Amino acid sequence: MIRSMASSVSSRGNIAAIVGVGPKLGRSIARKFAHEGYTIAILARDLGRLSGVAEEIAREEKAQVFAIRIDCSDSKSVRDAFEGVLSLGFVEVLVYNANHQPQSLSPNPTSFQNIPLDTFQKSLAVSAVAAFHCAQQVLTGMVEKGKGTILFTGCSASLYGIAGYSQLCCGKFALRALAQCLAKEFQPQGVHIAHVIIDGVVAPPRRFVFLS
């Protein structure tokens, strides 16, 4: 399902699609690209909350913003969502910022022996498999035009294993490898691909347990 939130101006340019838009980083990324003149597609699971974000950005940046529901743990949902994204026009920018939230937001590690297989698989699906699907959806158009940018967001767990965070680290390691492979393959064709590591917590000030 797609909901459009438009300002008084018409669509101004190519599409920037941001997957994984919450109240912090994803929303800020979307706002920045709207400010730079892109038409925005923001994607997340909660369409009601996402529509509110889209309305806010459209109003503040005088931009056209589309809210599209996606469940990154479900390959069919990813494909369906990107049918909607691609119907809007040429996707010049893809930002993949999705996380499997239960562990990524928890300060409490989980013993490896207590991780259910389906939880581990879901973390891999959200961190890496959905990123694979999203990149495949937009790369054809980018290669045809000889331009485009794909940005994958990572974290400390992208770089080293952390006791008690096996599912998070394995997914983030896989995402970093995917980004490196795609960068080497598609850079000669004019497509810029990068893995951006945010080595810290994006949130209002509060008490956190930092991992080391």
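User: At what angle do helix α5 (residues 117–145) and helix α6 (residues 166–186) pack, and how far apart are their axes?

Analyst: Axes are lines fitted to C-alpha atoms, for helices over the stretch in contact, and angles run from 0 to 180 degrees between N-to-C directions. Here α5 and α6 pack at about 15°, and their axes lie 7 Å apart. That angle makes α5 roughly parallel to α6 (under 35 degrees; over 145 is roughly antiparallel, 65 to 115 roughly perpendicular, the rest oblique). One caution on the source. This is a predicted model: local features need pLDDT of at least 70, side-chain atom pairs count only at pLDDT 80 or more, and totals for chains, interfaces and linings use all residues. Residues are numbered from 1 along each chain as its sequence is written, and side-chain values use heavy atoms, leaving out hydrogens and water.

User: In which hand does α5 pass α6?

Analyst: Compare the near helix with the far one. Turned anticlockwise by less than a right angle, the crossing is left-handed; turned clockwise, it is right-handed. α5 passes α6 in a right-handed crossing.

User: Which residues of α5 and α6 meet?

Analyst: Look for contacts (heavy atoms within 4.5 Å). On the α5 side they include F120, L124, F132, L139 and V143. On the α6 side, L168, L175, L178, L182 and F186 are among them. By class, this contact of α5 with α6 has 15 nonpolar residues, six polar and one charged. In this scheme Ala, Val, Leu, Ile, Met, Phe, Trp, Tyr, Cys and Pro are nonpolar, Asp, Glu, Lys and Arg are charged, and the others, Gly among them, are polar.

User: How do the axes of helix α3 (residues 75–86) and α5 cross?

Analyst: They come within 10 Å and cross at roughly 30°. α3 and α5 are therefore roughly parallel to each other. Their crossing is right-handed. S75, V78, R79, F82 and L86 of α3 make the contact with V129, A130, H133, C134, Q137 and V138 of α5. Seven of the residues in this contact are nonpolar, three polar and one charged.

User: At what angle do helix α1 (residues 25–35) and helix α2 (residues 47–61) pack?

Analyst: The angle is about 35°, with the axes 10 Å apart. α1 passes α2 in a right-handed crossing. R27, A30, R31, A34 and H35 of α1 touch V53, E56, I57, E60 and E61 of α2. The classes here are four nonpolar, one polar and five charged.

User: What pattern does the chain follow along the sequence?

Analyst: Helices (H or I, at least four residues) and strands (E, at least two) are DSSP runs, numbered from the N terminus. The chain has six helices and seven strands, in the order β-β-α-β-α-β-α-β-α-α-β-α-β.

User: Why does F33 count as buried?

Analyst: Buried means under 20% relative accessible area, exposed over 50%, and partly exposed in between (1.4 Å probe, protein chains only). F33 has 17% relative accessibility, so it counts as buried. F33 lies in helix α1. Beyond four places in sequence, F33 touches A16, Y38, I40, V93 and V95. Of the 212 residues of the chain, 46% count as buried.

User: Where is F90 found?

Analyst: F90 is in the loop between α3 and β5 (91–96). At 14% relative accessibility, F90 counts as buried. F90 and I15 are 75 residues apart in sequence, yet 5.9 Å apart C-alpha to C-alpha. Leaving aside neighbours within four places, F90 contacts N14, I15, G141, M142, K145 and K147.

User: What lies in the loop between β6 and α6?

Analyst: G164 does. G164 is buried, with a relative accessible area of 18%. The C-alpha atoms of G164 and F112 are 6.3 Å apart, across 52 residues of chain. S156 is found in the loop between β6 (149–154) and α6. S156 counts as buried at 16% relative accessibility. Setting aside neighbours within four places, S156 is in contact with I197, I198 and D199.

User: What is phi of K62?

Analyst: Most residues other than glycine have a negative phi. Phi of K62 is near 50°, a positive value in a residue other than glycine. K62 sits in the loop between α2 and β4 (64–69).
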